[in-house]
Amino acid sequence: MSMIYTADFVYINSQFQKNQAIYVLDGVIKEIGPRKQLIEKYKGIAVVEWKDKAILPGTVNAHNHSFQSLLRGIAVDRPFLEWRDQALYRYTPLLDEEAIYTGALFAFGEMLKYGVTTVSDFFYVHNGGIATDEAVIQAAKDIGIRLVFARTMYDWEGAPSSYQESVAEAVDRTRQLAIKYQGDSMVSIHPAPHSPHAASPEMIKAGHRLAKELNTPFHIHVAEETFEVDETLERYGLRPVHYLDSLGVVDDSMIAIHLVWLDDSEIKLLGQRKTALAYCPSSNMFLSDGVTRIPDLLEAGVRISLGSDGACSNNRISIFEEMRMCSLLQKVTRLDGTCINAKQVYNMGTKAGAEMLQLSTGEMKAGMKADFVTLDINDLSLSPKTELFANVVYSLQPNAITDVIVDGKIIVKDRSLKTISEQHIVNRVDSLMEKWKTI
């Protein structure tokens with residue numbers, strides 16, 4: 001299928017340009033150029049003209065837990081461990097395939113409306129197999145979002161049994177999914193040993209080995225809370241990053257999540273090894289985790305993307321929101337308005353996230369997947385238009401997002417989901433909540 005898209009502005013080469021058009025063929029951007037020239041060159045190709053709109057890349061949510069959208073609003077205003085026990089652990093026994101599928105539809109639908117075209121879902125409610133994993137993947141396919149399925153490898157005996165697997169089980173099941181979806185342009189499978197706290201040394205090393213075998217990154221929560229640092233110091237005599245390095249897993253295949261509590265030596269080592277970070281500023285604030293040292297990590301050479309984390313620890317799941325939160329949180333923590341800028345956080349939420357997930361998206365250029373969004377440039381949150389880019393990062397409201405295209409297909413049109421109706425999703429969530437009341 002081929003199509004030409006045009007709008008008042010298109011974000012190309014780090015700036016909004018006028019009178020441009022995008023030629024898309026089979027879900028891939030084939031050419032971007034002057035509107036008149038491209039329409040003349042590809043005569044007969046259908047043209048979608050968006051008046052009073054701007055086109056820019058869809059955002060990349062580099063870390064989410066889709067099922068947690070079902071738990072939003074539960075156990076708010078609690079310390080981390082109370083939140084974990086009262087929300088996650090309390091409701092985990094109710095998370096069957098139906099609930100997992102509903103939660104994923106819910107999370108992915110909301111993200112799409114907020115301009116997320118790719119999500120990395122760090123999923124760990126396996127229930128002793130891969131059926132719930134497949135439920136998440138099916139939800140992504142049904143609604144039309146690009147999915148990196150970060151299949152969690154978890155063997156801490158203090159967690160709910162539905163999270164736990166042996167090392168062999170985790171490797172075999174993750175590999176099985178990776179083989180099944182190999183070559184699927186909409187689904188990628190990555191190993192994700194949960195954390196130094198919840199994955200044994202053997203599990204972490206197995207996840208790293210499997211990532212090398214599959215030629216993918218691996219994902220792992222690192223140093224989110226002070227208790228995790230204290231635990232690795234007590235158990236191994238090392239801080240978290242140095243402990244992981246002793247296992248031989250700190251390299252350019254590692255996507256660390258959070259990295260809140262690091263010392264200078266850990267930051268230096270992460271930079272030297274060209275590791276990546278999926279930073280979740282709103283979640284870190286909501287759970288009172290602390291503040292990750294983003295300017296220091298950038299200076300050291302760490303690659304940084306943005307994630308929303310789960311919707312019960314944020315409680316929004318918009319990467320445009322995380323761009324703003326990242327910048328403001330760093331500025332106020334450093335008391336320095338220049339320590340990070342709009343271009344940096346915008347790239348974290350688009351291009352950088354795609355690159356570290358090894359996906360050809362996050363930019364408007366030939367050869368990239370046709371994943372992009374349109375904004376209503378007459379929305380009050382984007383005025384004045386003379387400062388359009390700054391307003392996208394610092395003042396954009398979700399109602400300004402009008403259309404979302406993923407893999408060349410229109411998934412959101414005129415602010416409404418086209419693949420699965422919002423009312424259908426809400427009805428599923430409401431029905432599930434009613435069912436849970438009786439259990």
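1. The model is a predicted one, in which local features need pLDDT of at least 70 and side-chain atom pairs count only at pLDDT 80 or more, while totals for chains, interfaces and linings use all residues. Residues are numbered from 1 along each chain as its sequence is written, and side-chain values use heavy atoms, with hydrogens and water left out.

2. β15 (residues 401–406) and β16 (residues 409–413) pair in the antiparallel sense over three bridges, where two strands count as paired if DSSP finds at least two bridges between them. Helices (H or I, at least four residues) and strands (E, at least two) are DSSP runs, numbered from the N terminus. The two strands form a hairpin with two residues between them, and D407 in the turn has a positive phi of about 55°.

3. β15 is also joined to strand β14 (residues 372–376) by four bridges, and these two run antiparallel; here L375 stands opposite I401. Six of the six residues of β15 are buried, buried meaning under 20% relative accessible area with a 1.4 Å probe and protein chains only, as against over 50% for exposed and in between for partly exposed.

4. Elsewhere, four strands form an open sheet with parallel pairing, in the order β6-β7-β8-β9. β6 (59–64) and β9 (187–193) stand at the edges with a single partner strand each, so one side of each is left without a neighbour in the sheet. The twist from one strand to the next averages 15°, axes being lines fitted to C-alpha atoms, for helices over the stretch in contact, and angles running from 0 to 180 degrees between N-to-C directions.

5. β6 and strand β7 (residues 116–123) run parallel and are joined by four bridges, with D121 in β7 as the bridge partner of N64. Helix α12 (residues 319–334) packs on the sheet, touching β6 and β7, and its direction makes about 80° with that of β6.

6. Which residues touch the most other members of the largest nonpolar core? Of its 137 residues, they are F108 and L244, a nonpolar core being a set of buried Ala, Val, Leu, Ile, Met, Phe, Trp, Tyr and Cys residues joined through side-chain atoms within 4.5 Å. Helix α3 (residues 97–113) gives the largest share of this core, 10 residues. Apart from it lies another core, of 14 residues, among them A7, I55, F372 and I405.

Key:
Contact = heavy atoms within 4.5 Å.
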